[in-house]
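Trainee: I would like to learn how to read a structure step by step, beginning with the pairing of strands. Could we go through one together?

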Amino acid sequence: MANYVEKTAKTVQIAINEALEELGVTVDEVLIEVIDEGEEGKLLGIGRRPAKVRVSIDETTARETIDVPELEDTEEPVYYGDEAESEETETNQETEIVNYVAAVLSGIGIHGKISSYWDDETLRIEVTGDDIGAAIGRRGETLDAIQYMTSLVANRHSKERVRVVLDIGGYRYRHENNLISIAERAAESVVASGREYALEPMNPAERRIVHTALQNFSGVTTYSEGEGQDRHIIIAPDTKD
């Protein structure tokens with residue numbers, strides 16, 4: 001199977017969809033480069049220039065996944081704790097959480113560099129290194145599972161909820177940017193055509209990213225539709241504008 005394809009089409013979104021179909025992958029398994037956004041053209045389409053994209057398979061997500069626990073379809077990790085006040089300082093808590101991530105990764109044969117920092121009440125952990133694709137998994141499922149379990153550990157004895165965001169090999173950062181780019185281009189299409197646009201099914205975290213990205217996008221509104229794994233976002237014209 002080819003590692004990438006280049007597609008031209010009437011719009012960027014159509015070109016991306018055709019590339020994904022040819023590669024047989026989903027949007028979170030690829031890197032998207034917009035080579036030419038195209039041009040609508042003037043009267044009767046004269047001078048129209050098609051959009052062109054290059055869609056490449058993200059090799060860090062193309063590896064075989066490991067067995068991970070099945071997670072509930074919730075917006076946030078489950079929080080629980082006890083009534084005893086924690087005696088750990090923020091630094092000790094961070095060390096415990098990072099050590100847990102290191103132990104999990106080591107247990108599945110993943111070795112790399114771990115860095116962490118606090119962003120308000122969110123602990124962000126970043127892992128870099130070679131051959132770390134197994135810790136990401138197909139569509140980031142393994143990464144999400146490790147983050148979920150790490151969140152449980154982080155909140156085990158904490159009265160104040162700690163949010164943990166884990167990124168491995170920059171996957172979450174690239175995936176989020178891809179989602180935002182696709183959402184914004186779909187929104188532009190909705191504004192231009194006046195018709196609703198249905199995005200592909202997403203998990204709660206992905207839907208939250210899209211809703212947030214488009215909440216201030218002039219001319220559109222978003223809402224979720226469907227149940228379970230089929231739940232997806234509809235981008236619709238904002239009739240209030």
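Trainee: Which residue of strand 6 is the bridge partner of Arg124?

Mentor: This is a predicted model, and in it the bridge partner of Arg124 in strand 6 is Val165. A second bridge joins Val127 to Ile168, which is again a residue of strand 6. Taken over their length, strand 5, which covers residues 122-128, and strand 6 pair in the parallel sense over six bridges.

Trainee: In what order do the strands of this open sheet lie?

Mentor: The three strands follow the order 4-5-6, and the pairing within the sheet is mixed. Strand 4 (113-119) and strand 6 (163-168) stand at the edges with a single partner strand each, so one side of each is left without a neighbour in the sheet. From one strand to the next, the twist averages 15 degrees.

Trainee: How many residues of strand 6 are buried?

Mentor: Five of the six residues of strand 6 are buried, so the strand is largely enclosed by the rest of the structure.

Trainee: Is Leu105 buried or exposed?

Mentor: To judge burial, we look at relative accessibility, where a value under 20% counts as buried. Leu105, whose place is in helix 2 (residues 90-107), has 4% relative accessibility and therefore counts as buried. Setting aside its neighbours within four places in sequence, Leu105 is in contact with Ile110, Ile114, Val127, Ala135, Ile146 and Ile168.

Trainee: How many aromatic pairs does the structure hold?

Mentor: A pair of aromatic rings is described by the distance of the centres and the angle of the planes. This structure holds zero aromatic pairs. A ring can still be read together with a charge, as with Tyr4, over whose ring the charged end of Arg54 sits, 4.4 Å from the centre.

Trainee: Where in the chain is confidence lowest and where is it highest, going by strands 2 and 9?

Mentor: Confidence is lowest in strand 2 (residues 30-36), with a mean of 76, and highest in strand 9 (residues 232-237), at 94. For the chain, the mean pLDDT is 78, and 80% of its residues reach 70 or more. One stretch calls for separate reading, namely residues 62-88, where pLDDT stays under 50 and for which the model has 53 contacts beyond four places in sequence.

Note on methods:
Residues are numbered from 1 along each chain as its sequence is written. This is a predicted model: local features need pLDDT of at least 70, side-chain atom pairs count only at pLDDT 80 or more; totals for chains, interfaces and linings use all residues. Side-chain values use heavy atoms; hydrogens and water are left out. Two strands pair if DSSP finds at least two bridges between them. Helices (H or I, at least four residues) and strands (E, at least two) are DSSP runs, numbered from the N terminus. Axes are lines fitted to C-alpha atoms, for helices over the stretch in contact, and angles run from 0 to 180 degrees between N-to-C directions. Rings of Phe, Tyr and Trp (its six-membered ring) pair if their centres lie within 6.5 Å; planes under 30 degrees apart count as stacked, over 60 as edge-to-face and the rest as tilted. A charge sits over a ring if NZ of Lys or CZ of Arg is within 6 Å of the ring centre and within 35 degrees of the ring normal. pLDDT is the predictor's confidence in each residue, from 0 to 100. Contact means heavy atoms within 4.5 Å. Buried means under 20% relative accessible area, exposed over 50%, partly exposed in between (1.4 Å probe, protein chains only).
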